[in-house]
Each structure stands twice: as C-alpha cells, then as structure tokens.
Amino acid sequence: MPDTLKLRQLRAQKIDELNTDEVVGDSARFADIESQIADLDGQIERATRAEARAASLARPLIQDGTGAAEPDLVRNGEIMRGLSGLGRNANLREVREVLGFQAGEQHFQSFGEYLAAVAGHYRSHGSQTDARLTRAGIDQTMTRVASGAGTVDPTGGGFLVQTDFANMVFTRAYAMGEILSRVTRFSISTGANGIKIPGIDETSRATGSRYGGVQSYWLAEGDAITTSKPKFRLIELDLKKLASAMYVTDELLADTNLLDQIATQAFAEEIAFMTEDAIFEGNGVGKPLGILSAPATVTVPKITGQQAATVVKENIDSMYAQLWARSRDNAVWLINQLVWPQLLQLGQVVGTGGMPIFLPAGTVSGKPYSTLYGIPVKEVEYCSAPGTPGDIVLADFSQYALADKGGIQAASSMHVQFLTDQMTFRIIYRVDGKPLWSAPLTPFKGASNLSSFIKLAQR
C-alpha cells in the first residue's frame, strides 16, 4: 500500500518550494512544480480511497433488522463532543441516536455483555464463540508486525468493539474533562498518522513583525513602496499511542451489569486523566507537549518578599495582565485544590484598611465565587503542589491543538485484545497535541510578553 503520510509530506515540501521568490520568478519552473503538486493530489486521493476500502474490511459486521449496513464510522468530531449523557444507559442511548444505530438480536445490549462474550470465547478455547463477535481484520497500512497480539495478525487474538459501545467509552471521557472539553480538536482520517496545521509565524506586534513581516508605510507623493510579506510556519502533530489495560476476575465476568459499569467508567476516566495530564505537563516525548513545558508559556515571577507557597493578589493581577486579551473570553484558572486557602485570603488594600476579594457578600458561610476577574476557577489533579510552578495556571485551551483518530476509526483506533490465558482488556487511543503558539507575543507597546498560557513561578 502507498504511504499516504509520505505523499502528504512531499506535497507540503513542494508547496513550500513553490512559495519562494526564485520559483515565482521562473514561470517554467513554477508551472513544473504546480504540475507535480497536482499529480501528488491525485495520488493522495487515490491512496486515501484505497486505504478506506482496505480499512472497511476490519469493521464490525453490524447490520440493522432491514439488512442495511451500519453508518460510516468516520464521523465529525463535533458529533461526539455534543453528547452529554452522564448516566450509563442515557449515554448509550444518545450515542445510538446520533449514529442512527438500531440494536437487533445480533447486537450486544451492553459493553459488559460484550466483554463477557469475548471472555467466554477464550475460556472455551474457541469452542463456544458468540455469533455476534467479529474478528479484527488485517490492517493493510501496517508495515511491521508488532510483538504479541495485534491488529496486523487476526490469529493473534482480538475482537472489534461494537461501534456504539466504543463511542460510549470516549464520549464519557470527553464529557468529564475540564481540559479535553476546551481544546481545539482535529480528527485525523483513517489513512493518516499525523496532521500539519499552517500558521502565521508571528511572535511580535512591533512594526515590521506583524504577521511575521508585513509592514505598511505612510508615503509622501512620489515615494517608493517597500515590499513586505507574511511569514508562515507549520504546526506538526504526529499521533502518539496511549494504551489502557484492565484485568478482570472470574467473579466480575459473571456479573455483566457490574462489569459494564466498571469497564466503561474505568477506561473513560483513565483515558481522560492521562490525556489531560499530558496536555497540562507532558514533555512532548512519546506524548503530547503540555502547556507547562511549552516555549510559548509565560512565567510570572513572585513579588519581592513574598512568602513561600503563597498566592497573593499581585500574582493574580500580573497573570491576568499578561494573558493575551483575546484569550480572556475562553480562559480558565486551573488550581491545585490546596491553593484554595490562599485564594480565600486574597485581599485588596483600601487606604489603611482592606477588603476580601474572593468571598460573596455576607458571611464566610456562603459559597466562594467560582471566578477571578470573571474567569472560571477549576480544581484539577494535574496542578502542582502549592508554591511550585503549575499550582495555579491561567490558560486558554482553544489555543491548544489536539489531534486524534476521532475516537474510533476501523480496528486500529479502539480494540480489545487478550494476553495468554489471563483476561486482560486493552484499549488503544492515538493522540497528539501542542499549543498553537510557538513563542510568547511581544506587544506593540510594553515590556512584558503576552501569551494564552500563564503560570506562576516558584515561591
């Protein structure tokens, strides 16, 4: 099979080559490169169609009562983000409604029932296999056989997760996360392993630097115009692999209702936790690049004489001041839960006295305000211990790009496999992410850099 990713990379290189002064000035060379790009477009289109046909062989053979095939698994990511069911049964009903899925006699009625059926197959060494189970097919896009069971080898063990149950797991994961629900998400097609997002290479609003180099001039009559042009960059995301595994006892396998509840919640929470933690503090090596490690994040220093492990009003003021103004509508404060005592002591000096700024009118028996400067305050486990960088963060996650395979796309996006005779359920999630900003922004006027991601320094 052709390597679609390499074809796309070659196409991007040709486009970069086309957008140079040397090529633009040579009409013959310009036409030749344009012809090469058009040829690559054709190859990519044909390769994508071929890969889609190959991937279709690995889909679950799910049909409704009329014999019609199930709806396309490749769905717009917005559909999944729109689901809000918190209860197990309500969540399953919403997923089926969105997908137009009608459960029949050949479908499993719950995720737990499905898992128990797979366990029964392996316990009987294949002599008692539920007819509703579907083997994972051969992934034609793979060029290397992984050690152990995998989707490359259908004899290695593994059954496809029924479509609506797979989406149920990921819907629950995205509905519960304070970070995942706020990022800008890109769903990658079945045949691709990454995505390139074009962006303007702008790190300063100083004259001559806006849009990476665009500049205007006030001219007197007869003055010549000096040309300028924008500067572009590519934001590259290459999918990383997040694997979740769960060991199930014989007693739990016998209770499909309990197994259904535990399995869906366990996988959902673990996927959400690991992905959000990587978005927050990942180092970018084998995982997404987190905002704490990103070059674009601005670190606000402590004030002179500030006590250790404290947060004072001046810290909040400085963090808010250095948040890019257009991020204020989408921003959120993320705090370690143990930072609350510091926030409740925030005060504004007024003459020789002062007043609290994080308490409601009345007494302290009321509930504290959930905002600072009108921006929501959320406690998350990923924030650092009080006094260390990351204990309180101000971030606009709409400026963070997250790419994944769209939840489930063919067998490679989500599947269950088993190791030896021990019941081990495993789900694979492929994802990558990084901030859309490459560096802090130098303002047109002023000395302090701005960013969509602000953290407080060590105290």
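Two strands count as paired if DSSP finds at least two bridges between them. The legends below describe close-up views of a predicted model.

**View 1. Strands β7 and β11 run parallel and are joined by 3 bridges.** Trp-333 has Val-377 in β11 as its bridge partner. Both strands belong to an open sheet of 6 strands, in the order β6-β16-β12-β7-β11-β10. The pairing in this sheet is mixed. At its edges stand β6 and β10, each of which pairs on one side only. Strands of a sheet pair through backbone hydrogen bonds, either parallel or antiparallel.

**View 2. Strands β8 and β9 form a hairpin with 2 residues between the strands.** Strand β8 covers residues 347-350 and strand β9 covers residues 353-356. The two run antiparallel, and 4 bridges join them. Opposite Gly-347 stands Pro-356 in β9. Within the hairpin, Gly-351 takes a positive phi near 65°.

**View 3. Trp-324 and Trp-437 form an aromatic pair.** The model has 4 aromatic pairs. What does the pair tie together? Trp-324 lies in the loop between α10 (313-322) and β7 (332-335), and Trp-437 lies in the loop between β15 (424-435) and β16 (453-456), so the pair links parts that are 113 residues apart in sequence. Trp-324 has a relative accessible area of 24%, so Trp-324 is partly exposed. The value for Trp-437 is 13%, so Trp-437 is buried; buried means under 20%.

**View 4. Arg-328 lies over the face of Tyr-320.** The distance from Arg-328 to the ring centre is 4.2 Å. Tyr-320 is also a member of a core of 22 residues, which includes Val-311, Trp-340 and Leu-394.

**View 5. The largest nonpolar core has 39 residues.** Which residues have the most contacts inside this core? They are Ile-179, Ile-279, Phe-280, Ile-291, Leu-334, Phe-397 and Tyr-400. At least two residues of the core come from each of α6 (111-123), β5 (240-247), α9 (256-281), β7, β12 (392-395), β13 (400-404) and β15. The largest share, 7 residues, is supplied by α9.

**View 6. Phe-280 is shown with its contacts.** Neighbours within four places in sequence are left aside. The residues in contact with Phe-280 are then Ile-179, Gly-290, Ile-291, Leu-292, Leu-334, Tyr-382, Cys-383, Gly-390 and Val-393. Among these, Ile-179, Ile-291 and Leu-334 are listed with Phe-280 as having the most contacts inside the largest nonpolar core.

**View 7. Ala-309 has a positive phi, near 60°.** Most residues other than glycine have a negative phi. Where does Ala-309 lie? Ala-309 is in the loop between β6 (298-300) and α10. With a relative accessibility of 32%, Ala-309 counts as partly exposed.

**View 8. Tyr-373 has a positive phi, near 55°.** Tyr-373 is a residue other than glycine. Tyr-373 lies in the loop between β10 (371-372) and β11 (375-379). Its relative accessibility is 43%, so Tyr-373 counts as partly exposed.

Key:
Residues numbered from 1 in each chain as written. Predicted model: local features only at pLDDT ≥ 70, side-chain atom pairs only at ≥ 80, totals over all residues. Heavy atoms only, no water. Phe/Tyr/Trp six-rings, centres within 6.5 Å; stacked < 30°, edge-to-face > 60°. Buried < 20%, exposed > 50% of the residue type's maximum accessible area, 1.4 Å probe, protein only. Lys NZ or Arg CZ within 6 Å of the ring centre and 35° of its normal. Core = buried A, V, L, I, M, F, W, Y, C linked by side-chain atoms within 4.5 Å. Contact = heavy atoms within 4.5 Å.
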